[in-house]
Amino acid sequence: MMAVTPILLLACGNPSRGDDALGPLLLDALADQLDPQTVECIVDFQLHIEHTLDLQGRQCVIFADASVRDVTFQFTRLTPTASLSHTTHA
């Protein structure tokens, strides 16, 4: 098994949609400042079930995504919940 970095920064968003490009734009801005031995960066349009494999073995995972809330930025600890949804954006 390949060793993983302790920190994963998983950025979501679509650069062709300016209001939804926060994640990829954040990684572009931070690219020169992150140590690849410590932080792995993944960019995707949205979260997929396959991303659960990327979470394994990490000490910390940071999800960067746009929000409908009017805030500059916010860190929130995520906890699993059981819910049904008709959209992948829930």
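1. A contact here means heavy atoms within 4.5 Å. Among contacts in the protein between residues at least 6 apart in sequence, 70% link residues at least 24 apart.

2. This is a predicted model: local features need pLDDT of at least 70, side-chain atom pairs count only at pLDDT 80 or more, and totals for chains, interfaces and linings use all residues. Residues are numbered from 1 along each chain as its sequence is written, and side-chain values use heavy atoms, with hydrogens and water left out.

3. The protein has 2 helices and 3 strands. Their order from the N terminus is β-α-β-α-β. Helices (H or I, at least four residues) and strands (E, at least two) are DSSP runs, numbered from the N terminus.

4. Of the 90 residues in the protein, 20% are buried, that is, under 20% relative accessible area (1.4 Å probe, protein chains only).

5. Now the largest pocket. Its volume is about 1,800 Å³, the space filled by probe spheres set on grid points joined across faces, edges and corners. A pocket is an open set of points on a 1 Å grid over the protein atoms alone, where a 1.4 Å probe fits, with protein on both sides within 12 Å along at least five of seven lines; lining residues have an atom within 4 Å of a point.

6. Which residues lie nearest the centre of the largest pocket? They are Phe63, Ala64, Asp65, Ala66 and Leu78, out of 40 lining residues. β1 (7–12), α1 (22–30), α2 (51–55) and β3 (60–64) each give two or more residues to this lining. The largest share, 5 residues, comes from β3.

Conventions
Buried means under 20% relative accessible area, exposed over 50%, partly exposed in between (1.4 Å probe, protein chains only).
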